[in-house]
Amino acid sequence: MLLFQRSALGLLAIRRVWSMSRSAHTAPQTLEYKPIKKVMVANRGEIAIRVFRACTELGIRTVAVYSEQDTGQMHRQKADEAYLIGKGLPPVAAYLHIPDIIKVAKENGVDAIHPGYGFLSERADFAQACMDAGVRFIGPTPDVVRKMGDKVEARAIAFSAGVPVVPGTDGPISSLQQAQEFSNSYGFPIIFKAAYGGGGRGMRVVREYEELEENFQRAYSEALTAFGNGALFVEKFIEKPRHIEVQILGDKYGNVIHLYERDCSIQRRHQKVVEIAPAAHLDPHLRDRLTADSVNLARQVGYENAGTVEFLVDKHGKHYFIEVNSRLQVEHTVTEEITDVDLVHAQLRVCEGRSLPELGLKQDKIRINGYAIQCRVTTEDPARGFQPDTGRLEVFRSGEGMGIRLDSASAFQGAVISPHYDSLLVKVIASGKDLPAASAKMSRALAEFRVRGVKTNIPFLQNVLSNNQFLNATVDTQFIDENPDLFNLKPVQNRAQKLLHYLGHVMVNGPTTPIPVKAKPSPIDPVIPPVPLGATFDVAMRFLCECPWRRLQEMRALMPNVPFQMLLRGANAVGYTNYPDNAVFKFCEVAKENGMDIFRVFDSLNYLPNMLLGMEAAGAAGGVVEAAISYTGDVSDPTRQKYSLDYYLKLADELVKAGTHILCIKDMAGLLKPDSGHLLVSALRDRFPDVPIHVHTHDTAGAGVAAMLACAEAGADIVDVAVDSMAGMTSQPSMGAIVACTKGTKLNTGISLEKVFDYSEYWEVTRGLYAPFDCTATMKSGNADVYENEIPGGQYTNLHFQAHSMGLGNKFKEVKKAYAEANKLLGDLIKVTPSSKIVGDLAQFMVQNSLTRAEVEERADELSFPLSVVEFLQGHIGIPHGGFPEPFRSKVLKSLPRVEGRPGASLPPLDFQALEKQLRDAHGDEITPEDVMSAAMYPKVFQEFKEFTRTFGPVDCLDTRLFLDGPKIAEEFEVELERGKTLHIKALALGDLNKAGQREVFFELNGQLRSVLVKDTMAMKEMHFHPKALKDVRGQIGAPMPGKVVEVKVKQGQQVEKGQPLCVLSAMKMETVVNSPLSGTVAKIYVTADSTLEGDDLILEITE
């Protein structure tokens, strides 16, 4: 036995114990039975409800008390009466305010108070205050509460009763010096414990001298906050013990029994997480010693009512007394389950004056029946160090069934989890004939829980229950610390609720995908074919909010024998910038592994070094290489010599020499006329008779069918078309027209026109669903002016939409003219994404700011050009045919760095392992190689995509109309999450705007009412008015275009030079660097990153 007694105080305490014990046993027993008529519970939450239920069963009226923060809590409603206490006090202080509690009790005829656990449950002054007020305290006498609450005196009592104790201080300490003295005598590790409370608060283990001061301060502060007294005592820390506690019950006549033990070894930071009764694999002789010591200790002090004696059991089977909890424990439930004794009933009856024998509670009648486990389900996030989570319970569904008991309070849909109190949500108790049976029931029950709106520790508890060490009952208090695998948490899918959030968001705020024009999707749904369709890589994530890799995998599974082709922008891969060479190679490798067959490799400037890198990467991955020459100009016009027939033939020579399998002409603007198409393809066919030739064009001018027929006559093997209902204008030429025109000729396609018509009919209906994106919403016909402005078909549509979204719809003719001027400013470029985007960005910039070509050239050194234009002139996407325009380039760049040669050649290799680790740290372990590739190509888009799916889940299960426009009120529909899992949803109502700028959206999901709170972005925006820049004030810098602030590059008070970047704006894929028009000091900044601005919104002020 280890004993630490450092003064005569210890002997005095023992003498007091002997004297008190003697008087306890000799006191006359003249008590009488006094029934309790009304009980107040001076507590909250589930323990208050637990006591109320017991009272109701015994015919006793109940009274609840509540703080101002608890007006919506369930314990108020479960009581017969409820009264406010602690008005104006902080949340916890309200439940610690003894005068208020006693006042309510006396004013409302309460004749007994149950303290529950925590708060005032172990405060002797509270027990005494109850007695002084003539109200019975349902617990031990104030003197016993004081003795057991004083951990030093409790140790002395244990020692006098012959119970082993851990070496510790013989009195509470309140200074660091006292702690240092103890550690000098007994060494480390030591443990601080709150002298006047438990529950793990104020408890700190110290293993080294350097940690002593910090842990003392933290323990003292916690104890002071939790119990109103920061006094601590110190013990020698026992390494890796089991924590075993014995339930005791005494009456007013000196009778004491035990109800066996509980194993509470599974702890986190000294707070119990899982409790088991009885303790598994406990030596019977040790059990006898533990229970005998507990009963003897209780008799020594004349203990009455319920209590718990706690012990540590070391690896050698030696037990040491820790403390007595003179109250009902959180985990009393497991004892009730294995003994069939209602402890709260017993507490109430003992308080009334009944003896244990009268209640049928004799030691020889108490038997263990099976096993019980309690799991404390809390609103804590195990992945973030068990950080408490707060918020509204959007969904609550509990696990139930045979062998499951639930003790809870505010665990219901709509309940608000407060930050003010303990994070306990519900206690789940499972019973079975043995520990494996109880564990199986608990696991099943936890799996049935559905808690949405806040994080819970359920995934962590499930890991505990499946751990072999737990199942073999070999756990100790270090179990959680030594099993990091417990924190490998299975993500909660929460798909249904996330979908409701998405639908609610669309109903309140409109589509998440930017809509170019105000047009509604068609209400008619087409008959969906079983094959999904492709989308460009970034569009899948950015606008459809889907994973492009998953779409590819699904298509490949459905069509295993159809070749798939993708566009590869050479060294730009599938992005709009340059990537390290290894990133391009890796992308092709992953694409081939996921089912891609043919790689159509091109470069927006026809820059050969970029194209050769892409061809090499596609070939190395095992793909079919199709080198594509981007077409511009007119080879049939002898006056246009920059992009002549000889230019294209020489470029084709290089590509064939490099080993391309297929040669492609990529006419993105639809500039190939029948004569020029025939001329170019004939020349290529003559030079390369064995190389397949593929021609791609657009039908903006209306001559696409004629041009493709001419190319076919000249020897083209493949021409691209669009099904009739999707053809024409800025799309490809009509499939039906070419099939019909070649029927019966040597160029017969062999395709049935009937099948073309059937296919076209589906797309005609489908097209109506995309009405807000349809070019016919703003364009009514093609236009031959494309031969002058050379705008690529896809970009023609995009520019049209962008012009409308930026308020330039009435100026689209000017935009087209500006496009031609911008192209000349930049030196007459090949115009394919991303080079076409650069020309388009410059054109819109010119129209937005009413600039002519001459003015742009003249003021090039002071204008804030779109970022894409600046980066092009720096050489970020390669070198254009004929070089960069001068002096325009030098005036724009000034001293900015320039890239020489192939841009990617100077980039260091991408560290994929580091990127994967970064993604796993940010998004969890569900990151796939495809995710890593997406992040490598589009870091920001991928981040936004992951944030979207984290908020709304996968939305690819929604049909197009629901995705874009959301459901109508009273509309019913089904959503198939996966095979065999279908959601039946009905949109019910849209609530009014609340003070937080939110609307509650109501649904019926699978027959149950659900609701979500959605921020009304328009309403919130109306609450904020952003100042405009005054154009006549030189130092006020306004937004040159509507958009979102990506980055603020300066700080208030900073000196800036003319032309220095101030901030970066982004809108519709276009980023613009706002440069300072003057030198001076930044006086005030009006924006932050992510601020949404309208044109001319004030960004900052500069004083000269």
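Predicted model: local features only at pLDDT ≥ 70, side-chain atom pairs only at ≥ 80, totals over all residues.

1. The largest of them holds 79 residues, among which Phe 587, Leu 684, Val 695 and Met 937 touch the most other members. In soluble globular proteins, nonpolar side chains tend to be buried together.

2. With neighbours within four places in sequence set aside, Val 695 is in contact with Ile 665, Leu 672, Val 681, Met 708, Cys 711, Ala 716, Ile 718, Val 719 and Asp 720.

3. The open sheet has 6 strands, which pair in parallel and follow the order 23-24-25-26-27-28. Its edges are strand 23 (565-568) and strand 28 (718-719), and because each has a single partner strand, one side of each is left without a neighbour in the sheet. Helix 20 (residues 581-593) packs on this sheet, where it touches strand 23 and strand 24, and its direction makes about 170° with that of strand 23. Within the sheet, strand 24 (residues 598-601) and strand 25 (residues 624-630) are joined by 4 bridges, with Ile 598 opposite Val 624.

4. Helix 23 (residues 674-687) reaches 20 Å from its first C-alpha to its last over 14 residues, which is close to the 20 Å expected at 1.5 Å a residue. Its buried residues are Ser 676, Gly 677, Leu 680, Val 681, Ser 682, Ala 683, Leu 684 and Arg 685, and their cover includes helix 22 (645-657), strand 26 (662-666), strand 27 (693-696) and helix 24 (704-714).

5. How is strand 6 (residues 190-194) placed relative to the rest of the structure? Since 5 of its 5 residues are buried, strand 6 is largely enclosed by the rest of the structure. Ile 190, Phe 192 and Ala 194 point one way, while Ile 191 and Lys 193, also buried, point the other way. Strand 6 pairs in the antiparallel sense with strand 7 (residues 204-206) over 3 bridges and with strand 8 (residues 232-236) over 5 bridges; Phe 192 stands opposite Arg 204 in strand 7, and Lys 193 opposite Phe 233 in strand 8.

6. Glu 275, in strand 11 (residues 271-277), counts as buried because its relative accessibility is 0%, under the 20% cut-off. Its side chain makes a polar contact of 2.6 Å with the side chain of Arg 376, and beyond four places in sequence the contacts of Glu 275 also include Asp 263, Glu 331 and Gln 374.

Key. Residues numbered from 1 in each chain as written. Heavy atoms only, no water. Core = buried A, V, L, I, M, F, W, Y, C linked by side-chain atoms within 4.5 Å. Buried < 20%, exposed > 50% of the residue type's maximum accessible area, 1.4 Å probe, protein only. Contact = heavy atoms within 4.5 Å. Pairing = 2+ DSSP bridges. Helix = DSSP H or I, 4+ residues; strand = E, 2+ residues; numbered from the N terminus. Axes fitted to C-alpha atoms, helices over the stretch in contact; angles between N-to-C directions. Polar contact = N/O pair within 3.5 Å; in protein donor to acceptor, adjacent residues only side chain to side chain. Expected span 1.5 Å × (residues − 1).
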